[in-house]
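Trainee: I would like to take a close look at one part of this model, and then follow where it leads.

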Amino acid sequence: MISKADVVVVGSGGLGAATAYYLAKRGGYRVALLDKHDIGSQTSPRAAGMVSCLRKSALMIELIKDACRKIETFTAETGQPLDWVHSGSLKIARRPQDADVIASDLDRGRRMGLDVEQVTPDDAHRLNPFLKPSGIVTALRIGDDRYFDPAQVAVGFARGAKAKGAILLPNTHVTEVSISGGKVTGVQTSDGPIHAGVVVDAAGAWTRQVAEASGIRVPLVPTRQQLIITEPLDGIRADLPMVRIMDAAVYARPCQGGFLWGVYEEAPRFFDMQSLGRNFDIKDMPLDIEVLHRAAEDVKAQLPALQTAKVREFRGGIPTMTADGQHILGPAPAVNGFFFASGCNVAGLSISPTVGETLAAWIVDGEPPVDLSPMALERFQDKTLSEEQLRREAAWQYRHFYGAV
């Protein structure tokens, strides 16, 4: 155990571990990366590992494009392995109103320099034979998209941070961020205090607990996300395009000879992490495979293999959703030295390399290298969201991640 650091990062998922890595890379800072569980062991390794480049805003597209470059150079950068495949993807519209969204996506993607092309249902089927053209109105091919092994990202960044001098403290529970005179002075942990002038709350599903113990409300909701990995299927290749069906909010990608697939359900289960107890582990999250069975039925005309493929693994994580679908990144208003890296909105791991580098630069240089004001916590200051409103709007953002009308 240490008693002093320059920066304490709370939470060793993708966002926290990447921030610790890029801070350590800067040099001259004593960085401590803390986690109440093992390093990189909670939601990040249970994610889908899909990179979606065609996002709803120019800012997110630019951030994701940078993250793609960092994924490509991850091993050279950190010295740690990262298996990734540049497969591209197919975004599927089954309704006329969603075809209008595809047209808008196509225009935005071209303006932002992405490799995008509207294709017919038959073209989509030729690109990925497991996707049947029945019931498809139109499709968008996004050549920039890719996927990676989610279990390697957070652990890789953490190990890379350690190699550059960061201190890793697993199984260390943060009970409070200490604040005096409007400034962070450190953290209180299960093993004693650590004095520090900067604390980054990247605690994932526990972000609110860390912040609210110090009197800061963070309007995000821990949300269950479930996925299935199937047994191998004849004809599956690693380079088959990923598939995203807009109105059903179902996604699928190749994985170890089978499919990894899941759904952003219409009525997701939310969690109050405080009520689950201090020792709760994401691997113990209650799962409900009927949610996946209903989703497979919904898309059986387009992806019939999801109904018949045998389940090899059924897992889930707890990402955090916000009311507007944007991350929460940057400093806490009125508290000097308190930063956030959370509100991942089911897209945190894919963007974590860029978020980590950007947040590290913000901490060291005093300002971000790009304008991240749309993701600032203070955007919620003039809004009084009840818990019921927050959950209702977060559920809408979750279901409509693919932009379906």
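Trainee: In what order do the strands of the open sheet of six strands lie, and what kind of pairing do they have?

Mentor: This is a predicted model, in which local features need pLDDT of at least 70 and side-chain atom pairs count only at pLDDT 80 or more, while totals for chains, interfaces and linings use all residues. Residues are numbered from 1 along each chain as its sequence is written, and side-chain values use heavy atoms, with hydrogens and water left out.

The open sheet of six strands has the order E9-E2-E1-E13-E22-E21, and its pairing is mixed. Strands (E, at least two residues) and helices (H or I, at least four) are DSSP runs, numbered from the N terminus, and two strands pair if DSSP finds at least two bridges between them. At the edges of the sheet are E9 and strand E21 (328–331), each of which pairs on one side only. From one strand to the next, the twist averages 15°, where axes are lines fitted to C-alpha atoms (for helices over the stretch in contact) and angles run from 0 to 180 degrees between N-to-C directions. Within the sheet, strand E1 (residues 7–10) and strand E13 (residues 198–201) run parallel and are joined by four bridges, and Val-9 stands opposite Val-200 in E13.

His-173 has a relative accessible area of 17%, and it counts as buried because buried means under 20%, exposed over 50% and partly exposed in between, with a 1.4 Å probe and protein chains only. Leaving aside neighbours within four places in sequence, His-173 is in contact (heavy atoms within 4.5 Å) with Lys-36, Gln-188, Thr-189, Ser-190 and Arg-278.

Finally, consider salt bridges, meaning a side-chain nitrogen of Lys or Arg within 4 Å of a carboxyl oxygen of Asp or Glu. Asp-247 forms one with Arg-94, and their closest N and O atoms are 2.8 Å apart. Since Asp-247 lies in the loop between strand E16 (242–245) and strand E17 (250–255), and Arg-94 in the loop between strand E5 (89–93) and helix H4 (96–111), the pair ties together parts that are 153 residues apart in sequence. Both Asp-247 and Arg-94 are buried. Arg-94 also meets Asp-298 in a salt bridge of 3.1 Å, N to O, and this pair links distant parts of the chain, 204 residues apart, with Asp-298 in helix H8 (residues 289–298). Asp-298 is partly exposed, at 36% relative accessible area.
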